[in-house]
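This report goes through one protein model, from overall composition to single residues. Please keep the sequence and the coordinates open while reading.

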Amino acid sequence: MAESYFDTDDITKEYDSRLTRRILSYLKPYKLLVLLTITALIISTLGELALPLLLRRIIDDGIMIGNIELLIQGCVLYLILLVIVFGFSFMQTFTSNLMTQRVMKDMRLGLFKKTLSQSTGYLSRHPVGRIVTRLTSDVQTMDEFFTTVLVAFLKDITIMTGTLVTMFILSPPMALMVLLTLPPVFIVTLISRVKARDAFRKQRIASSKVYSYLAERLAGMQVVQYFRQEKKSAREFREGNRELLDANLGEMYVFSTFRPIIEWLSALAMAVVIAAGSWLLLSASNNTEAISIGVMIAFINLVQMFFNPVTDIAEKYTLLQSAMAGGEKVFKLMDTEEHIPDTGTCSTDLGVRGHVEFIDVRFAYKKGEDVLKGLTFAIKPGEMAAIVGFTGAGKTTIINVLARLWDIDSGVIRLDGIPIKNIPLELLRSSIVPVTQDVTLFSGTIEENISLGLTLSEEEIINAAKAVYAHDFISSLPDGYKTMLSERAANISTGQRQLISFARVIAHNPKIVILDEATSSIDTETERLIQLGMKKVLDGRTSIVIAHRLSTIKDADRILVLSNGRMVEDGSHEELLKQSGIYSGLYKLQYADVL
């Protein structure tokens, strides 16, 4: 089996008070809801504890004496008390869930903002699935923490304490007899807690491995089928599935054993109450500690009330561990500070002309493995410069460091003579708009994907689409610019997605346009339309074109040839062909049949 896609060593402590305090800190904005929840919890719990006492009075002072008036009053009061308990129980459930949903909303928003601010380096090292898990299922454990664990623990402990106090009020001798039955309960609960913890860890690890294996194999199903790995994959999944089954059964054995034992101990305590109560009841004439039939029935109810929370607390322990594990991972992401610092000091009103300079720039994604090695070049405002080279030469890296998606290790990059670290990130990135070969469009309308956050009129959006010849195909759609794009824009063609991405560039009107393999997957006719449209809009803008298809850059003002992270050739198409260097070799390789 493959290693887990998610963290498997995710439960470091059974209970972490520091982590709990941090989770509870999210309740600060909702103090009123917290107060309402606690108040409702206390009132409903006191009401439940009062029911046995009222029942004792109904039996002893009403039924046994024959006081009909008191019996009727007691029954009416009992019904009123039931309604009060129901009402405040509903209020406690509603306010606690409302409070929890708002806390989870705050957590998800905070995590998403944190993720948006993280550097490209951080995001490239952490799988998308893991980050999505942090924002969804791990945050969801907070729901269990507040509504199922925290509130349940408070209520269960309150009821257990209250029932013991009530027992001593009714009959200290019988209360002491019930206490004698509790040590085995605590021992069984302690053993069960340890067993449940181990079972939960095994189940979590096994399920994580299975989910990881499924995600990996389903994503690469074509490879599995091409290389005839169906039987091997089925065998590996069968092994992992068996581990998960064993882990689930182990967890089931713990709880299926614990509950009957607690029920047996509860029955034992009930038997003690009945035996002791019967003896005290029958010896009423010569025993000062004698009890009434009402007290005995009240004790039976109280014993049931006491043992229900015991079972509940033990079973909530696994949820507590899950909440601790989820909270730990949520706050680990929340505490991660790995973002590109906005060190810009110049005015945001700075007029960008588009003069780009790289001076002795060095950069490595991994320490010791330089991608750019002392790179130096300059692109004048309004100039169309093409960058070519073999795969791994560092072409796309130039875009990444120019927009400060990554920070360079040494050297300097200047925009209009100003080091880009001195330019506010918002200004820098609004001045540089890339169009990559893997076009990213979001679920929403076509016009929303063109404007992408800008407040544009319908006319401006249409003009941007017309500039790149996208208007005709958009207008032919049933809903035109209001057409909803599905996830990854799967309901339109690749060429149409590319045209919309070009319209987006025109709408945002940047000073620097970067085309990274932007026409590599477009048919010849669509590419021709794009080239015609781009000639109109690139006038006066600096443009950087990265392409393997040299036919798309023959008309570039300059062609910069990259090799092993260094600039080795610089010139026009004709000049580089005459040099018989790398560019000439690439051109001849692509057009050998023509030449």
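## Basis and overall composition

A contact means heavy atoms within 4.5 Å. Residues 24 or more positions apart account for 78% of the contacts in the protein with a separation of 6 or more. The model is predicted, with local features needing pLDDT of at least 70 and side-chain atom pairs counting only at pLDDT 80 or more, while totals for chains, interfaces and linings use all residues. Residues are numbered from 1 along each chain as its sequence is written, and side-chain values use heavy atoms, with hydrogens and water left out.

The protein has 19 helices and 12 strands; these are DSSP runs numbered from the N terminus (helices H or I, at least four residues; strands E, at least two). Of its 595 residues, 46% count as buried, where buried means under 20% relative accessible area, exposed over 50%, and partly exposed in between (1.4 Å probe, protein chains only). The accessible surface comes to about 30400 Å², of which 59% belongs to carbon and sulfur atoms. Accessible areas come from the Shrake-Rupley method with a 1.4 Å probe, and for residues only the protein chains shown count as cover.

## Largest pocket

The largest pocket has a volume of about 1700 Å³. It is lined by 39 residues, of which Thr120, Leu123, Leu405, Thr440 and Phe442 lie nearest its centre. Elements giving two or more residues to this lining are α3, α4 (120-125), α5 (128-170), α11 (395-402), α12 (425-431), β6 (432-436), α16 (494-508) and β9. The largest share, 5 residues, comes from β6.

On a 1 Å grid over the protein atoms alone, a pocket is an open set of points with protein on both sides within 12 Å along at least five of seven lines, and lining residues have an atom within 4 Å of a point. Grid points are joined across faces, edges and corners, and the volume is the space filled by probe spheres set on the points.

Ile43, Ile68, Ile72, Val76, Leu77, Ile80 and Ile84 make a nonpolar surface patch of about 580 Å². Patch residues have over 30% relative accessible area and no salt bridge, and nonpolar side chains (Val, Leu, Ile, Met, Phe, Trp, Tyr) are joined within 5 Å. A salt bridge is a side-chain nitrogen of Lys or Arg within 4 Å of a carboxyl oxygen of Asp or Glu. Helix α3 (residues 68-117) gives the most to the patch, with 6 residues.

Leu77 in helix α3 counts as partly exposed because its relative accessibility is 41%. Thr100, also found in helix α3, has 0% relative accessibility and therefore counts as buried. Leaving aside neighbours within four places in sequence, Thr100 is in contact with Met142, Asp143, Phe146 and Thr147.

## Strand β9

Leu515 lies in strand β9 (residues 512-516) and is buried, because its relative accessibility is 11%. Not counting residues up to four places away in sequence, Leu515 touches Val435, Phe502, Ile544, Val545 and Ile546. Leu515 and Val435 are 80 residues apart in sequence, yet 5.0 Å apart in space, C-alpha to C-alpha.

## Positive phi values

Most residues other than glycine have a negative phi. Tyr469, in the loop between α14 and α15 (471-475), has a positive phi near 60 degrees. Its relative accessibility is 30%, so Tyr469 counts as partly exposed.

Asn509 has a positive phi of about 50 degrees and is not a glycine. Asn509 is found in the loop between α16 and β9, and counts as partly exposed because its relative accessibility is 47%.

Terms used. Patches are made of residues with over 30% relative accessible area and no salt bridge: like charges are joined within 9 Å, nonpolar side chains (Val, Leu, Ile, Met, Phe, Trp, Tyr) within 5 Å. On a 1 Å grid over the protein atoms alone, a cavity is a set of points where a 1.4 Å probe fits but cannot get out, and a pocket is an open set with protein on both sides within 12 Å along at least five of seven lines; lining residues have an atom within 4 Å of a point.
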